[in-house]
Amino acid sequence: EFARLKAGIEAVHRHAPKAVISIDTFRADVARRCVEELGADIINDVSGGILDSEMFATVAKLNVPYVLMHMRGDFTTMQSLTDYTNVTTEVIDYLAQKIATLRDLGATDVIADPGFGFSKTLDQNYEMMNHLERFHSLNVPLLVGISRKSMIYKLLGCTPAKALNATTVLNTISLAKGAHILRVHDVKAAVEARTIVMKTLSSTND
């Protein structure tokens, strides 16, 4: 994993030296090496620290932004662990506890990701989206990653390749509900959605 990330990060540095680089890993040692040796800027951990017990301490020591995502189990079991009484409340409570742990360890820059598509049914994903504004109670930046996910193409009966329009719709909803960061595949469409939403929300009566 480190070798693959090394090649990618070095290529980005060559072609876009001012780019802010986020690495996607749940392995603490890989995260540490990417930051210390390769100059990565952000750690994005889809497991929220549950797959490597050293991740939180590593993040605190490195003092870099950390994307904390909600997931249950691992990649083989997560879709069988979808028993919630109230998915939005339980995910918020889970993230709040993890944020408190990170802060106790000295981490200061945490970004919350509700984990759309991870350990949630299709209906639960849309329930969370409907109540996305509640995640602001965490008092940290909110990241949403729904680009071309199964919650879109399974609902519409299409393929991921055909899911750009619907992705843009959900990105627009997310922005209107206060998402600070979007994780996307299609940058131009996301930037246009953000421009329109921000213009709309900032407009006032003449």
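**A parallel sheet and its surroundings**

In this predicted model, four strands form an open sheet in the order 1-2-3-4, with parallel pairing. Strand 1 and strand 4 (110–113) are the edge strands, each of them pairing on one side only. From one strand to the next, the twist averages 20°. Strand 1 is joined to strand 2 (residues 42–45) by three bridges, and the two run parallel. Within this pairing, D24 has N44 of strand 2 as its bridge partner, while S22 stands opposite I42 of strand 2. Four bridges join strand 3 to strand 4, again in parallel, and here L68 finds its bridge partner in A112 of strand 4.

Helix 4 packs on this sheet, where it touches strand 3 and strand 4, and the direction of the helix makes about 145° with that of strand 3.

Two aromatic pairs are found in a search of the whole structure. In one of them, the rings of F26 and F75 have centres 5.6 Å apart and planes at 50°, so the pair is classed as tilted. Because F26 lies in the loop between strand 1 (22–24) and helix 2 (28–38), and F75 in the loop between strand 3 (66–69) and helix 4, this pair ties together parts that are 49 residues apart in sequence. F75 has a relative accessibility of 41% and therefore counts as partly exposed, as this value falls between the limits of 20% for buried and 50% for exposed residues. The other pair, formed by F56 and Y66, is edge-to-face, with 5.8 Å from centre to centre and 80° between the planes. F56 belongs to helix 3 (residues 55–62) and Y66 to strand 3, ten residues apart, and the pair thus links distant parts of the chain. Both F56 and Y66 are buried.

Two arginine side chains are placed over aromatic rings. R33 lies over the face of F2, at 3.8 Å from the ring centre, and the charged end of R72 sits over the ring of Y84, 3.8 Å from the centre of that ring.

Several loop positions were also considered. G49 is located in the loop between strand 2 and helix 3, and with a relative accessibility of 14% this glycine counts as buried. Apart from neighbours within four places in sequence, G49 is in contact with M55, F56 and Y66, the last two of which form the edge-to-face pair. Between G49 and K188 there are 139 residues of separation in sequence and 32 Å in space, C-alpha to C-alpha.

Positive phi values in residues other than glycine occur at S119, where phi is near 60°, and at R148, where phi is also near 60°. S119 is found in the loop between strand 4 and helix 5 (122–130) and counts as buried, at 0% relative accessibility. R148 lies in the loop between strand 5 (143–144) and helix 6 (150–156); its relative accessible area is 18%, so this arginine is buried, the limit for that class being under 20%.

Terms used:
Residues are numbered from 1 along each chain as its sequence is written. This is a predicted model: local features need pLDDT of at least 70, side-chain atom pairs count only at pLDDT 80 or more; totals for chains, interfaces and linings use all residues. Side-chain values use heavy atoms; hydrogens and water are left out. Rings of Phe, Tyr and Trp (its six-membered ring) pair if their centres lie within 6.5 Å; planes under 30 degrees apart count as stacked, over 60 as edge-to-face and the rest as tilted. Buried means under 20% relative accessible area, exposed over 50%, partly exposed in between (1.4 Å probe, protein chains only). A charge sits over a ring if NZ of Lys or CZ of Arg is within 6 Å of the ring centre and within 35 degrees of the ring normal. Two strands pair if DSSP finds at least two bridges between them. Axes are lines fitted to C-alpha atoms, for helices over the stretch in contact, and angles run from 0 to 180 degrees between N-to-C directions. Contact means heavy atoms within 4.5 Å.
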